[in-house]
Structure formats: structure tokens, C-alpha cells
Amino acid sequence: MTIADPSMRRSRSRLAAAVAMAVTVALAAGCGSGNATPAPSSAGTAGAPTASHPTVVGNITVFAASSLTDAFTEAAKAFHARNPGVAVQFNFASSSALATQINEGAPADVFASADQAQMQVVADRSGVVDPAVFATNVPVVVTPKGSAAVRSFADLAKPGIKLVLAAKDVPIGKYARDVLQRASGAGGIAPDFATKVLANLKSDEANVRAVLAKVQLGEADAGIVYVTDIGAAKDDVNRIEIPAAYNVVAEYPIAVLKPSKAPTAARAFVTFLRSAEGQAILQKYGFQPG
Amino acid sequence: MNTRLADRAALATTVTLGVAFAAFFLLPFAGLVARALQDGRTWEIMTGATARKAMTLSLWTSAVTVVLTIVFGTPAAYFLARASFRGKAILDGFIDLPIVLPPTVAGVALLTAFGRRGLVGEPIDHWTGITFGFTSVAVVMAQVLVSAPFYVRAAKSGFERVDLQQEQVAYTLGASRTKTFFRIAVPEAQPALVAGLVLCWARALGELGATLIFAGNLEGRTQTMPLAIISAFEGTSLGLAGAIALSLMLLAVALAVLTALRLAISRSGAVVSGR
């Protein structure tokens with residue numbers, strides 16, 4: 001089942017988001033408590049508030065880029081241990097899909113995006129409070145275990161390679177193309193490197209997990225994903241570092257949303273992620289400090 | 001008097017339910033149209049290169065899917081309708097399976113069979129160097145897997161309703177098996193065959209999940225309309241406006257083709273019944 005995992009996880013989180021949204025809408029219409037969302041979704045949802053130290057109280061819904069799934073799920077548990085009065089619920093999807101949902105009125109309190117562009121999209125339409133970078137991530141090349149087609153970053157330009165990238169509008173797809181451009185003409189690399197590599201492009205995948213799945217299945221010879229995505233797939237793929245001279249650093253901004261009905265609890269979660277404890281959890285999953 | 005009152009109440013109920021039902025189906029389309037009209041880029045997106053390439057690909061791949069489904073599916077449906085053997089129920093079930101399967105899983109299933117590391121995909125790649133992934137052939141394969149069952153199901157029940165005696169009479173009067181099939185079975189089952197084909201084509205045109213997984217997403221090669229729509233939605237350059245504009249385009253073309261088909265059939269149906 002490792003084969004089906006990435007896409008299934010995605011559709012599951014979508015389903016969970018849809019259910020959460022439906023429940024929230026029903027509650028808002030039914031009893032006017034727009035923010036009291038129960039917890040039908042995945043792990044990381046904290047239980048009912050206990051009365052020990054109710055410094056911050058509230059239920060928050062965090063919309064987060066799918067690359068944050070594992071790290072945020074663990075961070076929410078640690079956060080809840082410190083703030084028993086706050087229940088955290090997640091909606092994980094691609095940043096662009098999340099931005100659309102938020103701008104269409106989805107009840108979110110916090111938005112964690114995989115790039116600045118999507119944060120801007122939300123800031124322009126829905127309004128955000130003090131967005132700030134809380135983590136960074138780096139792109140790497142992945143190849144299927146047991147495949148010799150691509151052995152180095154330079155091999156990506158070899159004619160006949162089957163390459164998959166995320167679409168150019170998806171953050172990791174844009175970063176991948178930026179890396180190729182920056183590498184072109186850099187020390188020992190031909191000026192037409194990017195053109196040659198993109199001639200090998202076989203698919204514009206919808207998100208980073210789909211890129212990884214194509215490589216895991218051996219369907220593609222290489223792909224570019226975030227280093228943090230390899231986790232569960234590390235037995236199926238080889239990792240080729242991109243030389244730092246032309247690699248890019250992906251910045252993850254986070255912000256409390258202006259329409260949030262629980263801004264204090266939302267702010268507490270953001271503060272926790274930027275604390276030493278929150279940063280340690282993020283680093284465990286391969287993120288760098290923001 | 002009482003019965004007339006009851007009749008009226010029944011009529012009122014039927015109308016109310018019908019209107020509510022129709023409203024539920026029409027309102028989402030009305031929402032799309034309203035949103036598209038608000039957006040200044042709708043026309044530009046509909047006439048753009050992405051839309052043109054995706055629509056062209058969608059139309060020809062779904063047409064090939066329909067032809068392949070007729071050629072391979074009709075004999076299978078006729079066989080299933082006429083033959084009786086041990087294990088037929090299981091075979092029937094297998095043909096229906098893709099209808100139940102989530103399309104994403106259908107795509108993974110295709111990869112495990114025809115992918116570069118798949119059961120037959122690997123030997124084919126090894127001996128001939130041919131791979132299916134990331135080609136328009138893979139798009140058609142994904143469409144056939146998920147949409148052909150709709151035709152086969154309909155065709156099978158159509159053939160089952162054809163009077164066996166008529167076929168036997170034709171046969172004993174000296175008509176060949178082939179002639180009997182084309183002169184008796186096919187015309188008699190025609191409404192069911194056409195209904196099945198319409199469903200099959202519509203399902204192929206809307207196919208997304210299996211295609212994304214098995215064929216990938218590349219403009220002009222494997223990016224059909226549903227893939228272009230989801231790409232627009234997930235991306236920043238076209239965004240929601242793009243997804244809505246492309247969706248309306250797909251819906252308009254589907255509606256036009258289906259309506260034209262209905263009209264053509266009702267005419268040919270008149271000819272058939274007037275023979």
C-alpha cells in the first residue's frame with residue numbers, strides 16, 4: 001500500500017476538510033457558534049479542553065501546506081499539552097488549493113503556506129495579521145532505487161530521461177525551475193542546461209507528493225521534491241543533493257487570518273511553532289529554522 | 001371529490017419535489033455561470049492555448065475510447081448475455097469492478113500492470129523499449145478501464161432482452177450467425193447500446209484520477225480537460241477563474257454533443273420503428 005499512500009492521503013485530507021467544513025457550516029447555521037468545530041479529521045486533533053490552566057481557550061482550524069502534514073501533526077500534540085484549552089484541527093492540501101478555500105470563505109484561523117505567493121493571495125483577499133517565515137525547506141532530486149538513469153544533478157540534462165516536476169504554478173514546481181535556471185551557466189554547467197532538462201519533462205504534477213509517487217513507482221527516472229517529503233519513501237528512492245551554489249531555499253510563511261474568530265488561540269499556536277520547542281519538532285522532520 | 005382532492009395533493013407534492021430536485025442540480029451550474037460572467041478573463045481563458053489543446057485531446061481520446069469500447073465491449077457483452085457457464089457471476093462482477101474502484105486506485109492498478117515496473121509493463125519495456133506512461137495511449141487506456149464497464153453493462157442487459165426466438169427463427173431460415181447478430185440482435189438492443197455508449201463517453205470525457213496517476217499531466221500530450229481544470233485550480237496563473245472557465249467549456253461541449261446525439265437517435269429511432 002505504500003504505492004497508493006501519497007495520493008490517498010491527499011484525498012483523505014480533502015475529504016476530512018470537506019467534512020470539517022460541512023460540520024462547521026451546519027453548526028454555524030444551527031447554533032451560531034461558528035468556531036466550535038468537533039474533530040472528525042486526522043491525528044493531531046486535541047480533545048476537549050481540560051480545566052488545568054485555561055490561559056488560552058478556543059478551537060482553531062489550521063490550513064497548512066501538505067508538506068507540513070507530519071511535522072504539524074506532532075507539533076499540535078505538543079502545543080495541546082501546553083495549552084489544554086485549545087483544540088487544533090487541520091486541513092492539509094496544496095497551498096494554492098488552501099488559498100482558494102480561504103478566499104472562498106472557509107472557516108480557517110491560521111494559514112501556513114509553502115511559499116510567499118500564496119500567502120500574498122490570501123493577504124490580498126481575506127487579510128492576514130503579521131505574516132512571518134517560520135521554517136525553510138530545500139529542494140532535492142529523487143530517483144527510483146535501483147535505477148541508474150540519473151546519478152547526478154547534471155544527469156538531468158541527459159537526453160531521454162523521464163523527468164517529472166510539480167506544475168510551474170505549484171511552489172515546488174516553481175522552485176525546481178528556479179534551480180535549473182540558476183544552475184545554467186554556473187561553474188562547469190552548460191548555459192542551455194535548463195532547456196535540456198525541461199525537454200525531458202514528462203508531466204506537470206499537481207503537487208509534490210504526486211511527483212514523489214511517480215518516482216517511487218519507477219515510472220519517472222527523476223523528480224524534484226522537498227527534502228522533507230522523502231520521509232516515508234526513503235526505502236524506495238535515492239536522494240541527490242542539489243549543490244548549494246544554485247539551490248534555492250523555500251520559505252514557509254505563517255499568519256493568523258483576519259476573519260479568525262479565535263485570534264488569541266490562533267496566535268498562541270503560531271508563537272508555539274516559532275518557539276524553541278516548535279522549531280525542534282520542525283527540524284526533526286527536515287525543516288530548517290525560519 | 002375526495003379522490004380528486006387526493007389527486008391534487010399528489011400532483012402538488014410531485015411538482016414540489018421535482019422543482020426542488022431540478023433546482024438542486026441547476027443551481028451549481030448557475031453558480032459557475034454567474035462567477036464566470038463576473039470574471040473578466042473567462043473568454044480569454046476559454047480561447048487560450050491551454051483550453052484548445054486540452055479540449056482537442058479530450059475529444060479525440062474519448063472518441064478513440066468509445067470506438068475501442070464498441071469493438072471489444074460488444075462481443076463481450078453479447079457473450080455474457082447469451083452464454084451460461086460456471087463462474088459467470090464472478091466474471092460479471094469483474095467487469096463491474098472499475099465502476100466501484102476510486103479512479104485514483106484505478107490509475108495505480110494500471111501502473112502495477114502496465115507501468116515501467118508493472119507486471120507486463122516491465123517485460124514490454126525490456127524487450128521493445130515501449131512504455132505507456134506519459135503518453136496519449138495511457139490516457140486512452142485509463143479512460144477505457146473506467147468507462148467501458150458502463151457500456152458493457154448496458155449492452156449486456158440490452159442483448160438479454162432481445163427475443164431469443166427471433167434470433168433462432170432467423171438462424172433456421174438460413175441467416176448466418178453474423179447476419180443474425182447484425183440484423184436482429186443489434187437493432188433490437190439499439191436503445192440500450194446507445195444509452196451505454198453515451199454513459200461511457202461522458203465518463204471518459206470526465207475522467208481525471210486514473211489519468212493523472214497513470215498518464216501524468218503534460219499540456220498537449222496527456223492534459224485532458226479535467227486535468228487542465230484541476231491544474232488551473234491548484235495553480236496561481238489561471239486559478240479559480242481558470243478552473244471555472246474551463247469547466248463551463250467542458251460542460252458546454254458535453255451538452256452540445258449529448259443533445260446532438262439524442263436528436264440524431266430520435267430520428268434514426270423513427271426510421272427503425274417505421275421499418
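Predicted model: local features only at pLDDT ≥ 70, side-chain atom pairs only at ≥ 80, totals over all residues.
Modeller: Residues are numbered from 1 along each chain as its sequence is written, chains are lettered from A and ligands numbered from 1 in the order in which they are written, and side-chain values use heavy atoms, with hydrogens and water left out.

Biologist: OK, how many salt bridges are there over all chains?

Modeller: Side chains of opposite charge can pair when their charged atoms come close. The rule here asks for a side-chain nitrogen of Lys or Arg within 4 Å of a carboxyl oxygen of Asp or Glu. Over all chains, that gives a count of 15.

Biologist: Which parts of chain A does the pair Asp229(A) and Arg209(A) tie together?

Modeller: The closest N and O atoms of the two are 3.4 Å apart, and they form a salt bridge. Helices (H or I, at least four residues) and strands (E, at least two) are DSSP runs, numbered from the N terminus. Asp229(A) lies in the loop between β8 (222–226) and β9 (237–240) and Arg209(A) in helix α7 (residues 208–216), so the pair ties together parts of chain A that are 20 residues apart in sequence: that loop and helix α7.

Biologist: And are Asp229(A) and Arg209(A) buried or exposed?

Modeller: The scale is relative accessible area with a 1.4 Å probe, protein chains only: buried is under 20%, exposed over 50%, partly exposed in between. On that scale, both Asp229(A) and Arg209(A) are buried.

Biologist: Over in chain B, how many residues apart in sequence are the parts tied by Glu219(B) and Lys53(B)?

Modeller: Their side chains meet in a salt bridge at 3.3 Å, N to O. Glu219(B) lies in the loop between α10 (209–214) and α11 (225–234) of chain B and Lys53(B) in helix α3 (residues 49–82), so the parts tied together are apart in sequence by 166 residues.

Biologist: What is the relative accessible area of Glu167(B)?

Modeller: Glu167(B) forms a salt bridge with Arg82(B), with the closest N and O atoms 2.7 Å apart. Glu167(B) lies in helix α8 (residues 164–172) and Arg82(B) in helix α3 of chain B, so the pair ties together parts 85 residues apart in sequence. Arg82(B) counts as partly exposed at 26%, whereas Glu167(B) is buried, at 8%.

Biologist: At what angle do the axes of α3(B) and α9(B) cross?

Modeller: Axes are lines fitted to C-alpha atoms, for helices over the stretch in contact, and angles run from 0 to 180 degrees between N-to-C directions. The axes of α3(B) and helix α9 (residues 177–206) of chain B come within 10 Å, and they cross at roughly 140 degrees.

Biologist: Where does Phe134(B), with its positive phi, sit?

Modeller: Phe134(B) is not a glycine, yet its phi is positive, about 65 degrees. Phe134(B) is buried, with a relative accessible area of 2%. Its place is in chain B, in the loop between α6 (121–128) and α7 (136–160).

Biologist: Last one: which strand holds Asp130(A)?

Modeller: Asp130(A) has phi near 45 degrees, a positive value in a residue other than glycine. Asp130(A) is exposed, with a relative accessible area of 59%. The strand of chain A that holds Asp130(A) is β4 (residues 128–137).
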